[in-house]
Amino acid sequence: MSDHAVLTARLRAAGCVFAEREAVLIAATFAAGPTRERAVRRRAGGEPLEYVVGAAEFAGVTVAIGPPAFIPRARATAIVDTADRVASGPSPGRALTALDLGCGTGALAAALCRRHPDWTVHASESDPDAVPWAERNGAEFRFTVHAGPWFEPLPRELQGGLDLVVAHLPYVPSDQVALLPRDFRDHEPRHTVDGGPDGLDPLRAVCAACLPWLSSTGVLVTQVGWDQVDPATSIATAAGLAIEPAVAADGGDADEDAVVLVLRPGDVSKTA
């Protein structure tokens, strides 16, 4: 039996659904010997593959990552795709200014930079475990990281100047966190997925704070569960934002259906 076959069999026996693909990636990352053996043991023990190999593939880019940073989900690619469609600057030919809000490793920012090298991209993150990974990816993909919660660490000169904000916010209701796949549940910090009793506390915080930062044509693109669209609409409207469901976020994850939302500055007088 070949080394690849043995490695695949070990991973499959450990319950890895994509054992053959994971075996190829581990073999490509680690030379045969003790280092590869440690990697296989970590993965067989349930540690996420992304932590084991130190990288995550997302929306056409590969970002550096390590425990316990939030692992970018394939379904969040729909946020980037939607941003490509709806973002617009205040004048033709002007490069956009974008923000990856609560960026984790900065995967959304990295994808935007790869697709739009002429844009100015910022990212904010408050988790001290994630900030170093965001900074590493920022240096690679050329986006600027600001350490702190939501909009608070941004320079004042960005107020009213953000043409695009993308945010993969935590939106899992607290009582459903235990239902997440074991790889994520057992290794990622709870605060990276737990959105509070109804899953929408982070959205409330962001909607309440975002209007002063958006340009007149700015948009906020984020994601919630299908069953959260109606309460999310109420939250946005109360904050003076117009909201429209965009597209289903089908990233191949069987555990959750999600939808991308686009929020724009609305008529605040109607919500007073």
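View 1. A cavity is a set of grid points over the protein atoms where a 1.4 Å probe fits but cannot get out. In this predicted model, the count by that rule comes to one cavity of 30 Å³ or more. The volume of the largest cavity is about 110 Å³, and 12 residues line it, of which F70, R75, H168, V172 and V193 are the closest to its centre. Sorted by class, the lining of the largest cavity is made up of seven nonpolar, two polar and three charged residues.

View 2. Helix 1 spans residues 3–13, and its buried residues are L7, T8 and L11. Because these residues cover an arc of only 100 degrees around the axis, they lie on the same side of helix 1. An α-helix has 3.6 residues a turn, so residues three or four places apart point the same way. R12 and A13, by contrast, are exposed on the other side of helix 1.

**View 3. The surroundings of helix 1.** The buried residues of helix 1 pack against helix 2 (19–29) and also against helix 3 (34–44). Just after helix 1 comes G15, which takes a positive phi of about 100 degrees.

**View 4. Confidence along the chain.** The protein chain has an average pLDDT of 91, and 92% of the residues score at least 70. Over residues 251–255, however, pLDDT stays under 50, and the model has eight contacts beyond four places in sequence for this stretch. The pLDDT is also below 50 over residues 268–272, a stretch with five contacts in the model beyond near neighbours in sequence.

Terms used. Residues numbered from 1 in each chain as written. Predicted model: local features only at pLDDT ≥ 70, side-chain atom pairs only at ≥ 80, totals over all residues. Heavy atoms only, no water. pLDDT = per-residue confidence, 0-100. Contact = heavy atoms within 4.5 Å. Buried < 20%, exposed > 50% of the residue type's maximum accessible area, 1.4 Å probe, protein only. Helix = DSSP H or I, 4+ residues; strand = E, 2+ residues; numbered from the N terminus. Arc of directions from axis to C-beta. 1 Å grid on protein atoms, 1.4 Å probe; cavity = no way out; pocket = protein on both sides within 12 Å on 5 of 7 lines; lining within 4 Å. Points joined across faces, edges and corners; volume = space filled by probe spheres on them. Nonpolar A, V, L, I, M, F, W, Y, C, P; charged D, E, K, R; others polar.
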